[in-house]
Amino acid sequence: MMKNFNIMLIFDLIIAVVGIYLLYSCYLMKKKGEIPSSFIAEDMMKRCEDKAGYISYMLPRALLFGAGSLISGLLCFLADLGLLPLGKKGGSIFGIVMLVFFLIIWLVFSASMKNARIKYFASDISM
(Lines give C-alpha, C1' and ligand atoms only; values in the text may rest on other atoms or scores of the structure.)
Protein backbone atom coordinates (compact mmCIF):
# COMPACT_ATOMS: atom_id res chain seq x y z
CA MET A 1 0.00 0.00 0.00
CA MET A 2 0.95 3.65 -0.41
CA LYS A 3 0.86 4.76 3.21
CA ASN A 4 3.30 7.67 2.71
CA PHE A 5 1.75 9.05 -0.48
CA ASN A 6 1.48 12.84 -0.50
CA ILE A 7 -1.55 14.08 -2.50
CA MET A 8 0.17 17.46 -2.88
CA LEU A 9 2.55 15.84 -5.35
CA ILE A 10 -0.38 15.42 -7.74
CA PHE A 11 -1.43 19.07 -7.35
CA ASP A 12 2.17 20.21 -7.85
CA LEU A 13 2.41 18.25 -11.09
CA ILE A 14 -0.96 19.53 -12.32
CA ILE A 15 0.18 23.12 -11.74
CA ALA A 16 3.45 22.43 -13.58
CA VAL A 17 1.58 20.83 -16.50
CA VAL A 18 -0.76 23.85 -16.67
CA GLY A 19 2.37 26.00 -16.90
CA ILE A 20 3.74 23.90 -19.77
CA TYR A 21 0.41 24.09 -21.59
CA LEU A 22 0.24 27.87 -21.16
CA LEU A 23 3.77 28.27 -22.47
CA TYR A 24 2.85 26.14 -25.50
CA SER A 25 -0.24 28.32 -25.98
CA CYS A 26 2.04 31.37 -25.92
CA TYR A 27 4.13 29.77 -28.65
CA LEU A 28 1.01 29.30 -30.79
CA MET A 29 -0.06 32.89 -30.21
CA LYS A 30 3.37 34.32 -31.02
CA LYS A 31 4.50 32.12 -33.91
CA LYS A 32 1.22 31.19 -35.58
CA GLY A 33 -1.07 34.05 -34.57
CA GLU A 34 -3.57 31.56 -33.15
CA ILE A 35 -5.58 32.03 -29.99
CA PRO A 36 -6.06 28.68 -28.24
CA SER A 37 -9.63 27.64 -27.51
CA SER A 38 -8.64 27.28 -23.86
CA PHE A 39 -8.35 31.08 -23.75
CA ILE A 40 -11.49 31.89 -25.72
CA ALA A 41 -14.25 29.54 -26.87
CA GLU A 42 -14.40 28.90 -30.61
CA ASP A 43 -17.83 30.55 -30.99
CA MET A 44 -16.68 33.64 -29.12
CA MET A 45 -13.61 33.98 -31.38
CA LYS A 46 -15.97 35.02 -34.17
CA ARG A 47 -16.71 38.19 -32.20
CA CYS A 48 -13.05 39.16 -31.78
CA GLU A 49 -12.63 42.69 -33.11
CA ASP A 50 -8.82 42.78 -32.91
CA LYS A 51 -7.10 39.39 -32.86
CA ALA A 52 -3.59 40.87 -33.06
CA GLY A 53 -4.40 43.28 -30.24
CA TYR A 54 -5.73 40.47 -28.08
CA ILE A 55 -2.60 38.42 -28.65
CA SER A 56 -0.38 41.41 -27.93
CA TYR A 57 -2.24 42.10 -24.69
CA MET A 58 -2.49 38.52 -23.43
CA LEU A 59 0.91 37.14 -24.49
CA PRO A 60 3.05 38.67 -21.71
CA ARG A 61 0.39 37.90 -19.11
CA ALA A 62 0.09 34.29 -20.27
CA LEU A 63 3.90 33.97 -20.30
CA LEU A 64 4.05 35.21 -16.71
CA PHE A 65 1.31 32.86 -15.56
CA GLY A 66 2.71 29.91 -17.52
CA ALA A 67 6.28 30.36 -16.32
CA GLY A 68 5.15 31.08 -12.77
CA SER A 69 2.94 27.97 -12.73
CA LEU A 70 5.71 25.77 -14.10
CA ILE A 71 8.29 27.08 -11.64
CA SER A 72 6.01 26.96 -8.60
CA GLY A 73 4.71 23.51 -9.52
CA LEU A 74 8.19 22.07 -9.98
CA LEU A 75 9.66 23.71 -6.88
CA CYS A 76 6.77 22.54 -4.71
CA PHE A 77 7.04 19.05 -6.18
CA LEU A 78 10.73 18.93 -5.28
CA ALA A 79 10.04 20.34 -1.83
CA ASP A 80 7.27 17.80 -1.19
CA LEU A 81 9.65 15.01 -2.16
CA GLY A 82 12.17 16.39 0.35
CA LEU A 83 14.74 17.16 -2.35
CA LEU A 84 15.11 20.80 -1.36
CA PRO A 85 17.03 21.51 1.86
CA LEU A 86 14.24 23.38 3.63
CA GLY A 87 13.61 21.51 6.87
CA LYS A 88 10.15 21.05 8.33
CA LYS A 89 9.47 24.68 9.31
CA GLY A 90 11.17 26.06 6.20
CA GLY A 91 9.17 23.69 4.02
CA SER A 92 5.91 24.88 5.53
CA ILE A 93 6.83 28.52 5.00
CA PHE A 94 8.03 27.77 1.49
CA GLY A 95 4.73 26.04 0.68
CA ILE A 96 2.71 29.01 1.92
CA VAL A 97 4.87 31.50 -0.02
CA MET A 98 4.53 29.45 -3.21
CA LEU A 99 0.76 29.14 -2.74
CA VAL A 100 0.42 32.92 -2.30
CA PHE A 101 2.65 33.48 -5.34
CA PHE A 102 0.54 31.12 -7.46
CA LEU A 103 -2.72 32.71 -6.29
CA ILE A 104 -1.45 36.20 -7.12
CA ILE A 105 -0.35 35.30 -10.66
CA TRP A 106 -3.60 33.37 -11.18
CA LEU A 107 -5.69 36.36 -10.07
CA VAL A 108 -3.70 38.73 -12.32
CA PHE A 109 -4.13 36.35 -15.26
CA SER A 110 -7.86 35.92 -14.60
CA ALA A 111 -8.38 39.69 -14.38
CA SER A 112 -6.41 40.10 -17.62
CA MET A 113 -8.63 37.55 -19.36
CA LYS A 114 -11.73 39.45 -18.24
CA ASN A 115 -10.31 42.79 -19.33
CA ALA A 116 -9.27 41.36 -22.70
CA ARG A 117 -12.79 40.03 -23.33
CA ILE A 118 -14.22 43.46 -22.63
CA LYS A 119 -11.65 45.28 -24.74
CA TYR A 120 -11.25 43.01 -27.77
CA PHE A 121 -14.60 41.29 -28.22
CA ALA A 122 -17.92 42.64 -29.40
CA SER A 123 -20.63 42.53 -26.77
CA ASP A 124 -23.26 39.88 -27.28
CA ILE A 125 -25.96 42.33 -26.21
CA SER A 126 -27.63 43.98 -29.18
CA MET A 127 -28.90 47.49 -28.70
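In the predicted model, S25 is buried, with a relative accessible area of 1%. This serine belongs to helix α1, and, when its neighbours within four places in sequence are left aside, S25 is in contact with P36, S38 and F39. The helix that holds S25 has 25 residues and reaches 35 Å from its first C-alpha to its last, a span close to the 36 Å expected at 1.5 Å a residue. Besides S25, the buried residues of α1 are L9, D12, A16, G19, L22, C26, L28 and M29. The cover over these buried residues of α1 includes α3 and α4. After α1 comes G33, a glycine whose phi is positive, near 65°.

Helix α4, which runs over residues 87-120, has 34 residues. From its first C-alpha to its last, α4 reaches 48 Å, which is close to the 50 Å expected at 1.5 Å a residue. Along α4, the residues F94, M98, F102, I105, F109, S112, M113, A116 and Y120 are buried, and the buried residues of this helix pack against α1, spanning residues 8-32, and against α3, spanning residues 51-81.

Two packed helices are described by the angle between their axes and the distance between the axes. For α3 and α4, the axes come within 10 Å and cross at roughly 165°, which makes α3 roughly antiparallel to α4, since an angle over 145 degrees counts as roughly antiparallel. The crossing in which α3 passes α4 is left-handed.

The cysteines were also examined. A disulfide is a covalent bond between the sulfur atoms of two cysteines. The structure holds zero disulfides, and for C26 the reason lies in distance, because its sulfur is 16 Å from the closest cysteine sulfur, in C48, which is too far for a bond; a disulfide would require the two sulfur atoms to be within 2.5 Å. C26, one of the buried residues of α1, counts as buried because its relative accessibility is 4%, a value that falls under the 20% cut-off. By the cut-off of 20%, C76 likewise counts as buried, at 15% relative accessibility.

Notes:
Residues numbered from 1 in each chain as written. Predicted model: local features only at pLDDT ≥ 70, side-chain atom pairs only at ≥ 80, totals over all residues. Heavy atoms only, no water. Helix = DSSP H or I, 4+ residues; strand = E, 2+ residues; numbered from the N terminus. Expected span 1.5 Å × (residues − 1). Buried < 20%, exposed > 50% of the residue type's maximum accessible area, 1.4 Å probe, protein only. Contact = heavy atoms within 4.5 Å. Axes fitted to C-alpha atoms, helices over the stretch in contact; angles between N-to-C directions. Parallel < 35°, antiparallel > 145°, perpendicular 65-115°, else oblique. Left-handed = near helix turned anticlockwise from the far one by under 90°.
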